[in-house]
Amino acid sequence: MEAASKWSKIVDGNVVLEFIDVTLRGCAQVMFQNNPLTGLLFFAAIFVGAFGEGNPAMAFGSVLGTVVATLTGMHLKDRTSWKAGLYGYNGCLVGAALPTFLAVTPILWLCIILGSVVSVIVTICIADILKTWKVAALTAPFVLVTWTMLLASYAFGGLNTSALPVPNLPHDLVAYNTSLFDGIDLFKSTFYGISEVFLISTVIGSVLFLAGLAVSSLWAAVFGLLGSLLAVLVAVVLQAEHASINNGLYAFSAVLTAIALGSTFNKPSWRVLIYTLIGVVFTVFVQGALNTVLAPVGIPTLTMPFVLASWLFLVPNKDVMPAHRQ
Amino acid sequence: MEAASKWSKIVDGNVVLEFIDVTLRGCAQVMFQNNPLTGLLFFAAIFVGAFGEGNPAMAFGSVLGTVVATLTGMHLKDRTSWKAGLYGYNGCLVGAALPTFLAVTPILWLCIILGSVVSVIVTICIADILKTWKVAALTAPFVLVTWTMLLASYAFGGLNTSALPVPNLPHDLVAYNTSLFDGIDLFKSTFYGISEVFLISTVIGSVLFLAGLAVSSLWAAVFGLLGSLLAVLVAVVLQAEHASINNGLYAFSAVLTAIALGSTFNKPSWRVLIYTLIGVVFTVFVQGALNTVLAPVGIPTLTMPFVLASWLFLVPNKDVMPAHRQ
Amino acid sequence: MEAASKWSKIVDGNVVLEFIDVTLRGCAQVMFQNNPLTGLLFFAAIFVGAFGEGNPAMAFGSVLGTVVATLTGMHLKDRTSWKAGLYGYNGCLVGAALPTFLAVTPILWLCIILGSVVSVIVTICIADILKTWKVAALTAPFVLVTWTMLLASYAFGGLNTSALPVPNLPHDLVAYNTSLFDGIDLFKSTFYGISEVFLISTVIGSVLFLAGLAVSSLWAAVFGLLGSLLAVLVAVVLQAEHASINNGLYAFSAVLTAIALGSTFNKPSWRVLIYTLIGVVFTVFVQGALNTVLAPVGIPTLTMPFVLASWLFLVPNKDVMPAHRQ
């Protein structure tokens, strides 16, 4: 705490340090934390994961995206949101996602810059709309901007879609004949569920992400980890594709739902716990549903399952919870 | 009237009877009626239709869904909505729809329970959002929850999609060369239009549904029946697929639009009648449009054409109608 | 100015002239102008283009649509909106679009009449919803009604889809190996971008459209023309399909975005200019994205890229601009 307040004082007097502080908070806000140390650990995790997967561009992209979005947000009236990093996190994700799915070319870097700028505009737009019902924009700006660019890449020869799923009509998945947990790596899939929030599969990175959460909010780390485990178990029982489960692809949205419903927008309690449980289980269904909906247009769901499920559960929050933090 | 007030007194003093009363009203609210006798007749119609089609699971599912949703709604603050059955009707439809399209397995029953619980949360969410424009949630919660689960069934080996339409790209329907009404059974298609609100094709059931409407509101029964007939006629003129017309699939959404616009949210008048007419005709277009949109992802429209068309016509209600009931 | 005030006086005393005046304004409002002379020039441009392309039905359709929508709007309470032509422009576009994509039959004319009536209801609906955030309905009513009917045409033998794109799954566009501007006609594509707002490719028509804009607002004409040019350049750099670029199909939405952001809802300034630039560039991405999304269902984007991009940039307007016209 004391270190934090010292840091605040140092930062306040220095434009460059303040900018770095806000950029770090921007990265931390991907998982709802307003804490520069969390952001530092998150960036470390991204670099570990990106270099581990041989895709350094996505690490640099995430830094570029956060910086551009933070720079854009500086020119707006709402300084409080800016200082909390709330204009930065969508740019961070845009910068991580585009090099994950598109070939790294000069046009791609321009797209990251444009996408990060637009992500700030979309953030204000959605926040303006949703404040009517006192709900946050979550990662919707990231998803909408990235979806737009990934979809557009099919129409533009200058953007190469090689890493996107091939557009196809949905087919029914045949049930596995073996026992449910055959071929499932429970440990890996749970941890990958955490790092896949940033589109990478890395155990060390996940530990860093959890550490980043823990220095800001222990509950957030606990809900994130348990949310991932629960989502994996639900996906196993429903017999989702094993490769997807093992890569954490049924868990990353659930991780965010768990943190949001369990610790960010509610104080932990039994009622909140049950509500979060239902929310996490339903997020897995939304994940499956969006996989089907997006199959014909060949784009990934990104964190949209989290966004939809959480909006669904956050709008009625005040009608369901006896008392809740604004 | 006297019987109704006697019933109210008996119910008020008894928790079990009250619960049954609210559950019945929940079923009745599928067609906007706040009346336990209507609900009883509706349930009777569902059982007649489900057993007639050899699919008893959908009848039991509709009871289970209504009960679970009513139980869930009991824990909320808004007792008035609960007592009117407004938390129950979406669960009723979820419970009827899932066994209609998915294989009956233990996981399916769990899905009905989860879907009914979530339908209550979605109901509050949508009602909260739409009260900004004084419009009701209609059956949107049912459609969204069921769509999610049906779409997810393509991704989950544990849910079998056998009764869903095979995903395919839309093809243009070739015009019929014979006279328009060749091969059309006007009587059956009109009556099936009413029972298909609950996803069944049954003439006896439709008579029971109409009786259920009539004991609560004669206008509702009249508008429902004429709405169905008009929708069939429009679909015939536009040359929709004969099998779909004959099964009432172009009429069931129009039935709900007609009751909603003509009798539930407006007092019958000439202006209302014209408005309802346009609404019913447009519902048939929305039905055709949604059939096309959903073809690539292999799910049915459910009552979404009704929801979209009615929202469209209900939001401007106060600007169009000289005076109207809240 | 004097001529305009004289015209106003003549019109006020004569029901027929007033109706003609409002109908002309309805056509002018497609590009946000409240001016009967603009409407006259626009209709002239439509007739030049439609007859030039051998599709006179779309010219007569646009007149019919504007007239029917204006007649419908007469019966509503809001006379100010009616007088400004704000109930007419969506009908104008419905009437132009349906004969462009569907075979000209008696049923088509009925669809134009129904679509124009419904476009007024959708206009009130969307305006009611969006006034919560002080944003206009733009051409969303036209797009939604026309999409509904075009999608429905796949399900109805009575509506022939021959001129619609064949539904197909998106394929990645391969980059061109030649220099970027090979095969691009910069002049034609920029001018077609303007006339394609009304779904026609005509240089003479575009000059008439620009003249129509200029008599009402010089800034609108400038922003429209430069918006078209910028959109073409962006599409060329991103390597969109040459045929689409040359037909102005990447520019027409951008034309409207440029006029809306640059001159209609903001007073021109440096900040506004930059904001509009970003908006126009992003509109090109939204155009590419919607092309991909709609490929499997075989309908054109119409002006939806403009609507989405402009809503996105107009909602945050007050947070971004130092001071702006309501």
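Tutor: F32(A) is buried, its relative accessible area being 15%, where buried means under 20%, exposed over 50% and partly exposed anything in between, with a 1.4 Å probe and protein chains only. The model is a predicted one, so local features need a pLDDT of at least 70 and side-chain atom pairs count only at pLDDT 80 or more, whereas totals for chains, interfaces and linings use all residues. Residues are numbered from 1 along each chain as its sequence is written, chains are lettered from A and ligands numbered from 1 in the order in which they are written, and side-chain values use heavy atoms, with hydrogens and water left out.

Across all chains the structure holds 42 aromatic pairs, a pair being two rings of Phe, Tyr or Trp (its six-membered ring) whose centres lie within 6.5 Å, with planes under 30 degrees apart called stacked, over 60 edge-to-face and the rest tilted. F32(A) and F265(A) make one of these pairs: their ring centres are 6.1 Å apart and their planes stand at 75°, so the pair is edge-to-face. It joins distant parts of the chain, since F32(A) sits in the loop between α2 (15–28) and α3 (36–52) of chain A and F265(A) in the loop between α13 (252–264) and α14 (270–294), 233 residues apart; these helices are DSSP runs (H or I, at least four residues; strands would be E, at least two), numbered from the N terminus. F265(A) counts as partly exposed, at 23% relative accessibility.

F47(B), at 24% relative accessibility, counts as partly exposed, and so does F60(B) at 43%. Returning to chain A, F32(A) and F265(A) form one aromatic cluster together with F306(A).

Most residues other than glycine have a negative phi. Q239(A), however, has a positive phi near 60° without being a glycine; Q239(A) lies in the loop between α11 (218–237) and α12 (242–246) of chain A and counts as buried at 14% relative accessibility. L138(B), likewise not a glycine, has a positive phi of about 50°, and its place is in the loop between α7 and α8 (140–153) of chain B, where it counts as buried at 3%.

Within helix α7 (residues 106–130) of chain B lies S116(B), which counts as buried at 0% relative accessibility. Apart from neighbours within four places in sequence, S116(B) is in contact (heavy atoms within 4.5 Å) with G65(B), V68(B), A69(B), G91(B) and V94(B).

Moving out to the interfaces, 34 residues of chain C are in contact with 38 residues of chain B. The area buried between these two chains is about 2900 Å², and carbon and sulfur atoms give 74% of it; buried area is the accessible area (1.4 Å probe) that two parts lose on being put together, summed over both. On the side of chain C, I121(C), Y154(C) and F156(C) lose the most area to chain B, together 19% of what that side buries. The interface has 1 salt bridge, meaning a side-chain nitrogen of Lys or Arg within 4 Å of a carboxyl oxygen of Asp or Glu, and it joins K318(B) to D128(C) at 2.6 Å, N to O.

The contact between chain A and chain C takes 34 residues from chain A and 38 residues from chain C. These chains bury about 2900 Å² between them, 73% of it on carbon and sulfur atoms, and their count is also 1 salt bridge. In it, D128(A) meets K318(C), with the closest N and O atoms 2.6 Å apart. Helices α7 (106–130) and α8 (140–153) of chain A each supply at least two residues of the side that touches chain C, and α7(A) gives the most, with 11 residues.
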